[in-house]
Amino acid sequence: MPAIYLDVAHLLAGSMLVLSFVLLYQDRITAVLNAFALQAVALSLSVAWQAFIQDAPLLLVTAGVAFVVKGIVIPTALHRIVRRLGIHREIEEVISAGPTMLTGLGLVALSMMLVLPVGENVSILAREDLAFALAVILLGLLMMITRRNAVTQIVGFMSVENGLVLAATGAKGMPLVVEISVAFSILIAFIVFGVFVFRIRERFDTVDVSALDRHRGERGEHV
Amino acid sequence: MIELETLIAPLLTPLHAILLIPAIAVVILALVPNYRLGAFLNMLAAGMTFVAGASLLFGEQFRSDILIVDDFNIYLVTLTTFVAFTTSIFSASYIGHELEAGRLTPTFLRFYHALYQAMIGAMNVALVANNIGLLWVGVEVATLSTVMMVGIYRTPEAVEAAWKYFILGSVGIALAFFGTILIYLAAQEALGEGLPAMAWDLLVQNAGRFDPKLLSLAFVFLLVGYGTKVGLAPFHAWLPDAHAEGPTPISAVLSGLLLNVALYALLRFKMLLTNNPNTLDVGLIMIVLGLVSLLFAAFMLYRRRDIKRLFAYSSIEHMGIMTFAFGMGGPLANFAGLLHMTMHSLTKSAIFFAVGHIAQAKGTQRIADIKGLSVTHPVLAVGLALGVVAIAGLPPFGMFMSEFMLVSSSFARQPLLAVVLVFGLIVAFGALILRLQDVLFGEPSGTTGEVRATYLPLFLHLAIVLVAGLWLPEPVVRWFRAVAAQLG
């Protein structure tokens, strides 16, 4: 395998990781959405490159869906929702940007240490892809924890999903990847828009999920 | 014509029927506007699925790279389709009341019935999947459909519960998928690329040749992922909310079925790892997680004020007991675990049937406001009392048998662990008695209005649990033994 194959795969997976960090420190929702759209584009390029080097044209379907659904449709729709709700500025952070970034660095180190040493027989390309993917997944989870806003939590979740697709396409010849990734992109999009954003809005006039906290089942009662 | 028959014939095997009937029912139920007809069709579809599931018992075992039917999942498919069927009967009488009370609209009921079938179908997919990717898809779809059903009342509490369930469930399921990819990578070296490297039975046969470090790493992700769905502490945070705020039929199938399916997935991977001697000690991890869940839930039971939440914590407790049993391993503990799984499904769903009607009759789920049921609603009181006696592990019910077997086998092998186990069981027992004494025998309070209830599913479940506690038929014993041996 020519060295350039590995380098380009690295570059694309690495740029996804960088964009995960970009997602972490944004303080405006519109910026979060733009960063997410970019990450989805990086994902689709990465998957397309895997399709080329693994000679698996079906993966192009995954790449195309990632590009259209996660790169264009979802960000555009979320932009419109955000504008209509007039919440394009507010992001409440549970933990401020500095400590979050440091935690993020720790998580990246953790995923390298976890994944790189195992599986000596797995190709180096797959292993490094996997390490990148795990880092993207963990950073997505971190984003879901450190933000209180429903829209940013959803973006965090979709970023986790980007990491999963990266991992799955990196595993050479894994069956059902195309089907699973396509089905779930569409399903997640459906759920995100159809159910939660509107219901939360309707009930609370805000998409800040800390408003939900006040409605925990057993709150405010004492034994 | 012959060609058509050869095309259709393979679709008509029971194995395909348990997947196809719910799939077709989803479409039909989404289109039926009348809620009575919808409830009836829901029962009909669940009943047909049960017949197909039960007929798997008499069929042959089967494997392909995608689907598998072996001793282990035949038993769970039968149990799942049975409880799904009885719950659909309960649901039909339950939702009528909810509609009158204005908590649900006919449009939402359409949605609800379609999702109910989607959940059954997805659980069946997970159970009969041989492909570990398909197993994951089944668990994920079942999770997402229950998320939507939990939020269906659209009260602030329900939306909060559904949101929490969605976020935590998705995190768990994402980690499980990563673990699945790692298993595939481990298998790829030995089995080559493509479908065979994801077929569970081939993986088990060849696990000895896989890279043990990769397998161990994969299991950690799978454990956290599916463990979240099982409701093991400390990944249980979604479970009480989801049980308390959704419609009660959903609480019944969540506790009775979905938790089992997630545990089933975990056990499949445990079998995989035990076939490779150099991996981490899966049994030990499961023992620890099981005991932690048991103790945590047992103490949390004392602080519950919501009756559905109380039984949700009791589910965490019992999932902990099962996880402990399977972690101990060996023929006797596995037998006890399998029996406990069955008995818990039947008993817990029966309790939720009773609790659903009680909450409707009294108009509240607060334990403090439900009092003196033995006077106001004697039949429901008897049902609930029997259910609580059974779930607390008292003789002569089936859970006494399974807990007794588990305790005695662990005393023989690990006396210290057995002490912890017994302590947890006693603490939980005390909590249930303390919390429910007033509910059953206190000074009557609240409304005494009649409730249109279907008692058939409730007492049918309790009868099975009672009979199983007194006498297990020989074929069932043989069958549990075979599965226990397979679990290793």
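My entries below go from chain A to chain B.

**Ground rules.** I am reading a predicted model, in which local features need pLDDT of at least 70 and side-chain atom pairs count only at pLDDT 80 or more, while totals for chains, interfaces and linings use all residues. Residues are numbered from 1 along each chain as its sequence is written, and chains are lettered from A and ligands numbered from 1 in the order in which they are written.

**Entry 1, chain A overall.** I looked up the secondary structure and found eight helices and zero strands in chain A. I noted that helices (H or I, at least four residues) and strands (E, at least two) are DSSP runs, numbered from the N terminus. Along the sequence, chain A reads α-α-α-α-α-α-α-α. Of its 223 residues, 46% are buried. For this I used C-beta atoms placed from the backbone: a residue is buried if 20 or more others lie within 10 Å of its own, exposed if 12 or fewer, and partly exposed in between. Next I checked contacts, meaning residue pairs whose C-beta atoms, placed from the backbone, lie within 7 Å. Among contacts in chain A with a separation of 6 or more, 73% join residues 24 or more positions apart.

How far apart are the end C-alpha atoms of H5(A)? I found 33 Å for this helix of residues 124–146, which agrees with the 33 Å that its 23 residues should span at 1.5 Å a residue. The expected span is 1.5 Å times one less than the number of residues. H5(A) is mostly covered, with 19 of its 23 residues buried.

I found A:Asp55 in the loop between helix H2 (29–53) and helix H3 (59–85) of chain A. Its phi is near 55 degrees, a positive value in a residue other than glycine. Is A:Asp55 buried or exposed? A:Asp55 is exposed, because 7 other C-beta atoms lie within 10 Å.

I moved to chain B and found B:Lys270 in helix H11 (residues 248–274). B:Lys270 counts as buried because it has 23 C-beta neighbours inside 10 Å. Leaving aside neighbours within four places in sequence, B:Lys270 is in contact with B:Val282 and B:Phe326. I also checked B:Leu223, 47 residues away along the chain: its C-alpha atom is 9.3 Å from that of B:Lys270.

I looked at helix H14 (residues 330–362) and helix H20 (residues 474–487) of chain B, whose axes come within 8 Å and cross at roughly 120 degrees. Axes are lines fitted to C-alpha atoms, for helices over the stretch in contact, and angles run from 0 to 180 degrees between N-to-C directions. H14(B) and H20(B) are therefore oblique to each other; angles under 35 degrees count as roughly parallel, over 145 as roughly antiparallel, 65 to 115 as roughly perpendicular and the rest as oblique.

I found a cis bond from B:Ala233 to B:Pro234, with omega near 5 degrees. B:Pro234 is in the loop between helix H9 (212–230) and helix H10 (238–245) of chain B. The bond from B:Pro395 to B:Pro396 is cis, with omega near 5 degrees. I located B:Pro396 in the loop between H16 and helix H17 (398–413) of chain B.

How values were computed:
Contact = placed C-beta atoms within 7 Å.
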